[in-house]
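Subject: Structure handover

Hi,

Here is the structure I promised you. Please open it alongside this note, and then read on for what turned up.

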Amino acid sequence: MLLPDDFQQLIYAVEDGVARVTLNRPEARNAFTPRMYEELRWAVRNANVDDSVDIIVITGAGSAFSAGGDLKESYRRISEGGVLAMHQFFDNLPYYDIRDTDKTVIAAINGACYAGGLVTALWCDLTVASDNARFALTEAKMGTADGFTPCLLFGRTPLPKVKQMLFTGKSISAVEAERYGIIGEVVPEGQLAGRVEELIAEVRATSPLGRAMYKRMLNGLIPRPLNHGGEETFASMAAAIQASGFAGNARGH
C-alpha cells in the first residue's frame, strides 16, 4: 500500500473535490518507471476511497504528459528479474484502477503522449490536449506490442489508422488525434489549465452517481485483451530481451 506521502515520482493533491495527479519526472519527459506506474495506481486508489473527491485530473510536469515507459529502467529490471519481474511490472499497472473507479478521470495532455502515456490517457474518461501535444504508439519500434491499445481504439478509431499508428510508430498531432477519436478536445497552448477547470464545472452539472453508472456501461463495451492485457506479451518480451539483449531485440535487429 502507498499513501500520498510515500509518492516519489508524482505529485498528489486534493483541492475542492479534485484529486490532481502530476507525473513528476520532467527530466525524463515523465517516462513511466515501474515505481511511477505503481504510484499512479495507488494515487487513483487513494482518490477512489476519498469521499470528498469526485474528479481526478492526471497531467504531466514540464513539457510532456508522458513519453511512455522508461526503457532503461525496464531493461534493468528484466535483466535482473526476468519473467517474474515483468509479471510484477504488469501487476503494478494502473489501467484497471482508472477504469474501475467511480470517479471521473480527466487526462490533461500538455505535450508528448507516447506509448504507455497514451495508453494511460486512453483509459481516462475525458481527454483534453494542448495543440502542441503529439501522440504515438511506439511499442513495435522496440520489438514488442501492447495488449491494451487495440482494444481501447477498437470502435473509436478507424482500423486503417490504428494499424498505421501501430505499424509505423509515427507521431500524429493533437488535431489529428481529435479527428480520429483518440482524444476528446484540443485547445490552444496556454489554455489547457483553464479549459480543464471549465470542464470540471461542466461535468459537475451531472450527478456523480449518474456519471459512475454511465462509466460502467460504456467501459463494459470495451473489448478485453485476449491475454489479460498483454501479460503473456510482457513475459515473452522479457525472455526475448534476456536471450538476445535489449539493443538486438529493438526494431528486430
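What share of the contacts with a separation of 6 or more comes from residues 24 or more positions apart? In the protein chain, that share is 75%. Please keep in mind that this is a predicted model.

**Overview**

The protein chain has 253 residues, and buried residues make up 53% of them. Its secondary structure comes to eleven helices and ten strands.

**The six-stranded sheet**

This sheet is open, with six strands in the order β1-β2-β3-β5-β7-β10. The pairing is mixed. Its edge strands are β1 (10–15) and β10, each of which pairs on one side only. From one strand to the next, the twist averages 20 degrees. Helix α1 packs on the sheet and touches β1, β2 (18–23) and β3. The direction of α1 makes about 10 degrees with that of β1. Helix α8 (residues 192–203) lies across β2, β3, β5, β7 and β10. It runs at about 160 degrees to β7.

Now look at β7 itself. Strand β5 (residues 104–109) pairs with β7 in the parallel sense, over four bridges. Within that pairing, Ile-106 has Leu-126 in β7 as its bridge partner. Strand β10 (residues 185–187) is also parallel to β7, and three bridges join the two. There, Ser-130 stands opposite Val-187 in β10. Is β7 largely enclosed or open to the outside? Four of the five residues of β7 (residues 126–130) are buried, so the strand is largely enclosed by the rest of the structure.

**The four-stranded sheet**

The other sheet is open too, with four strands in the order β4-β6-β8-β9 and mixed pairing. Strands β4 (64–66) and β9 (172–173) are at the edges, and each pairs on one side only. Strand β8 (residues 134–136) runs antiparallel to β9, with two bridges joining them. Arg-134 stands opposite Ser-173 in β9.

Helix α4 (residues 116–123) packs on this sheet. It touches β4, β6 (112–114) and β8. Its direction makes about 90 degrees with that of β6. How many residues of α4 are buried? Eight of the eight are, so α4 is largely enclosed by the rest of the structure. Among them are Gly-116, Gly-117 and Trp-123.

**The nonpolar cores**

As a general point, nonpolar side chains tend to be buried together in soluble globular proteins. Here, the largest nonpolar core holds 49 residues. Which members touch the most other members? They are Ile-56, Ile-58, Ile-109, Phe-135 and Ile-182. Helix α1 (residues 34–48) gives the most to this core, with seven residues.

A second, separate core has twelve residues, including Val-18, Val-57, Ile-106 and Val-128.

**The second largest pocket**

This pocket holds about 510 Å³ of space. Its lining is made up of 21 residues. Cys-124, Asp-125, Lys-215, Leu-218 and Asn-219 lie nearest its centre. The elements that give two or more residues to the lining are α4, α5 (149–153) and α9 (208–219). Which of the elements gives the largest share? That is α9, with six residues.

**A loop residue**

Finally, find Ser-52. It is in the loop between α1 and β3 (55–60). Is Ser-52 buried or partly exposed? Its relative accessible area is 46%, so Ser-52 counts as partly exposed, a class that runs between 20% and 50%. Not counting residues up to four places away in sequence, Ser-52 touches Val-14 and Gly-17. Ser-52 and Glu-15 are 37 residues apart in sequence. In space they are 9.2 Å apart, C-alpha to C-alpha.

Best wishes

Terms used: Residues are numbered from 1 along each chain as its sequence is written. This is a predicted model: local features need pLDDT of at least 70, side-chain atom pairs count only at pLDDT 80 or more; totals for chains, interfaces and linings use all residues. Side-chain values use heavy atoms; hydrogens and water are left out. Two strands pair if DSSP finds at least two bridges between them. Contact means heavy atoms within 4.5 Å. Axes are lines fitted to C-alpha atoms, for helices over the stretch in contact, and angles run from 0 to 180 degrees between N-to-C directions. A nonpolar core is a set of buried Ala, Val, Leu, Ile, Met, Phe, Trp, Tyr and Cys residues joined through side-chain atoms within 4.5 Å. Buried means under 20% relative accessible area, exposed over 50%, partly exposed in between (1.4 Å probe, protein chains only). On a 1 Å grid over the protein atoms alone, a cavity is a set of points where a 1.4 Å probe fits but cannot get out, and a pocket is an open set with protein on both sides within 12 Å along at least five of seven lines; lining residues have an atom within 4 Å of a point. Grid points are joined across faces, edges and corners, and a volume is the space filled by probe spheres set on the points.
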